Amino acid sequence: MAYSDKVIDHYNNPRNVGQLDKASTEVGTGLVGAPECGDVMRLQIRVNSETQVIEEAKFKTFGCGSAIASSSLATEWIKGRTVEDALAIKNTDIVKELSLPPVKIHCSVLAEDAIRAAIGDWKKKNSVAETANAAAVAH
Amino acid sequence: MLKVIDSAVPVACWSCSIGHNDFTLFCPHCSKIQPPPGGDYFSVFGLEPRLNLDLAALEHEFHRLSRKLHPDRFARAQENEREWSLADTALLNDAYRTLKEPLRRTEYLLKLLGAEIGSDAGTEQGGHDKKDLSRVPADLLEEVFELNMQLEEMRMARKLGETDPELQVSLERAKRKFDVLLSEVDQDLRSQWQVWDEGDAAVRKTAQKLMVALLDRRRYLSNLVRDVTETLGA
Ligand code: FES
Ligand SMILES: [Zn+2]
């Protein structure tokens with residue numbers, strides 16, 4: 001199948017591959033899988049608790065080229081964003097950026113799920129309420 | 001062709017005008033070939049949807065219908081009959097290939113029943129609202145991920161011309177374990193077939209949910225077993 005140049009670029013030079021200390025309270029880990037194909041993805045973030053800014057993001061994906069590119073792109077996008085901003089990223093944004101064909105849409109869903117799972121884990125660790133979050137910091 | 005499990009629609013034969021249902025390939029009255037049928041893959045073989053199939057009977061019926069539909073037989077027929085024989089043959093082949101293979105048959109039936117599996121599951125719009133993330137237990141994901149890490153390590157070591165007997169042993173152990181898990185999933189699937197085939201609507205619904213979850217689990221396991229086997233055999 002024909003991959004777009006952007007997918008190939010991320011595939012050949014994946015950004016932010018690696019691992020953060022899972023035990024650290026600053027780190028949120030999202031481990032997700034795509035039941036459609038059995039691929040798995042781990043995405044981790046290190047969040048500044050004062051500013052709620054994601055200062056570091058790492059991923060490791062065992063899956064297809066599109067899943068690797070989606071997670072690589074996702075880490076690029078969320079770095080420097082606040083947790084709330086990162087949650088605004090939709091899989092459709094990834095699909096657009098990487099020109100993924102319909103059969104590869106679930107690969108981008110995997111990346112979005114991974115972002116959410118990582119942020120969810122960080123929130124849980126830091127007992128940030130799921131809903132009325134960033135408010136305290138913003139004001 | 002995914003419209004099923006509703007009932008057949010009565011139609012009039014184009015040749016003899018007598019009514020019959022639109023699931024049949026041939027008119028039961030004048031035996032003429034009919035336009036491509038409107039049912040599902042099961043009805044192509046005159047079967048109700050079910051998961052336990054008599055494969056010998058299925059194969060027999062496949063050959064019988066293949067012969068009847070063979071385009072050579074329609075060489076001198078009307079143009080539309082010739083076209084139908086080609087279309088019906090293609091349909092028959094797809095139906096047979098899908099039904100004879102247990103996993104494909106199960107996935108097909110679940111899809112007919114509206115389950116979200118396969119590559120178009122939960123993809124439009126935001127996606128995850130439609131998808132239940134907890135379908136595959138977290139500890140399985142954890143294990144799958146860990147084993148993938150080990151496999152990667154093993155491949156790297158190989159590339160460098162090193163051997164890591166400890167890693168080899170642990171991968172072999174993992175393979176045995178996942179082989180067992182895989183055959184357990186298959187057994188569970190089989191028993192759900194039975195439950196579905198014999199159950200009423202409510203029982204079937206529960207069985208369908210279970211089967212979707214089992215198939216999801218199976219995809220992770222079979223990927224792993226494939227990768228481990230490949231790496232160990234290299
Ligand atoms: S094919 Fe499943 S994640 Fe890409
Ligand atoms: Zn007729």
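Is Asn148(B) buried or exposed? Here are some friendly notes on that residue and its surroundings, bearing in mind that this is a predicted model.

1. **Asn148(B).** This residue counts as buried, because its relative accessibility is 8% and the cut-off for buried is under 20%. Asn148(B) is part of helix H5 of chain B, which covers residues 138-159. Leaving aside residues up to four places away in sequence, Asn148(B) touches Val40(A) and Phe62(A) from chain A, together with Leu224(B) and Asp227(B) from chain B.

2. **The chain A contacts of Asn148(B).** Val40(A) and Phe62(A), both touched by Asn148(B), also have a relationship of their own: Val40(A) stands opposite Phe62(A) in S3(A). Your next stop could be the sheet that holds this pair.

3. **The sheet in chain A.** Which order do the strands take? The open sheet has 3 strands in the order S1-S2-S3, with antiparallel pairing. Strand S1 (27-34) and S3 of chain A are at the edges with a single partner strand each, so each has one side without a neighbour in the sheet. On average, neighbouring strands here are turned by 15 degrees against each other, with direction ignored. Helix H5 of chain A (residues 105-125) packs on the sheet and touches S1 and S2 of chain A. The direction of this helix makes about 145 degrees with that of S1(A).

4. How many bridges join S2 to S3 of chain A? There are 8 bridges between strand S2 (residues 39-47) and strand S3 (residues 54-62), and the two run antiparallel. One further pairing to look at is Arg46(A), whose bridge partner in S3(A) is Glu56(A). Between the strands of this hairpin lie 6 residues, and Gln52(A) has a positive phi near 65 degrees.

5. **Chain B as a whole.** Chain B contains 7 helices and 2 strands, and its pattern along the sequence is β-β-α-α-α-α-α-α-α. Of its 234 residues, 40% are buried. Among contacts in chain B with a separation of 6 or more, 59% are between residues 24 or more positions apart. The accessible surface of this chain is about 13000 Å², with 52% belonging to carbon and sulfur atoms.

6. **Helix H4 of chain B.** Which residues of H4(B) are buried? In this helix (residues 102-112), they are Arg105(B), Thr106(B), Tyr108(B), Leu109(B), Leu110(B) and Leu112(B). Their cover includes helices H1 (41-44), H2 (55-69), H3 (79-100), H6 (165-198) and H7 (201-233) of chain B. After H4(B) comes Gly114(B), with a positive phi near 90 degrees.

7. **The zinc site.** Which residues are the protein donors of the zinc ion (ligand 2)? They are Cys13(B), Cys16(B), Cys27(B) and Cys30(B), each through SG, at 2.3 to 2.4 Å from the ion. The site is tetrahedral, with angles of 105 to 114 degrees among the 4 donor atoms. For comparison, the ideal angle for four tetrahedral donors is 109.5 degrees. The donor residues follow the spacing C-x2-C-x10-C-x2-C. Cys16(B) is in the loop between strand S1 (10-12) and strand S2 (19-21) of chain B, and Cys30(B) is in the loop between S2 and H1 of chain B, so this pair ties together parts 14 residues apart in sequence.

8. Cys16(B) counts as partly exposed, at 25% relative accessibility. Cys30(B) is partly exposed too, and its relative accessible area is 30%.

Definitions and conventions. Residues numbered from 1 in each chain as written. Chains lettered and ligands numbered in written order. Predicted model: local features only at pLDDT ≥ 70, side-chain atom pairs only at ≥ 80, totals over all residues. Heavy atoms only, no water. Helix = DSSP H or I, 4+ residues; strand = E, 2+ residues; numbered from the N terminus. Buried < 20%, exposed > 50% of the residue type's maximum accessible area, 1.4 Å probe, protein only. Contact = heavy atoms within 4.5 Å. Areas by Shrake-Rupley, 256 points an atom, 1.4 Å probe, with all protein chains shown as cover. Pairing = 2+ DSSP bridges. Axes fitted to C-alpha atoms, helices over the stretch in contact; angles between N-to-C directions. Donors = N, O, S within 2.8 Å, 3.2 Å for Na, K, Ca; no water. Tetrahedral: all angles 85-135°; square planar, octahedral: opposite > 155°, others 65-115°.
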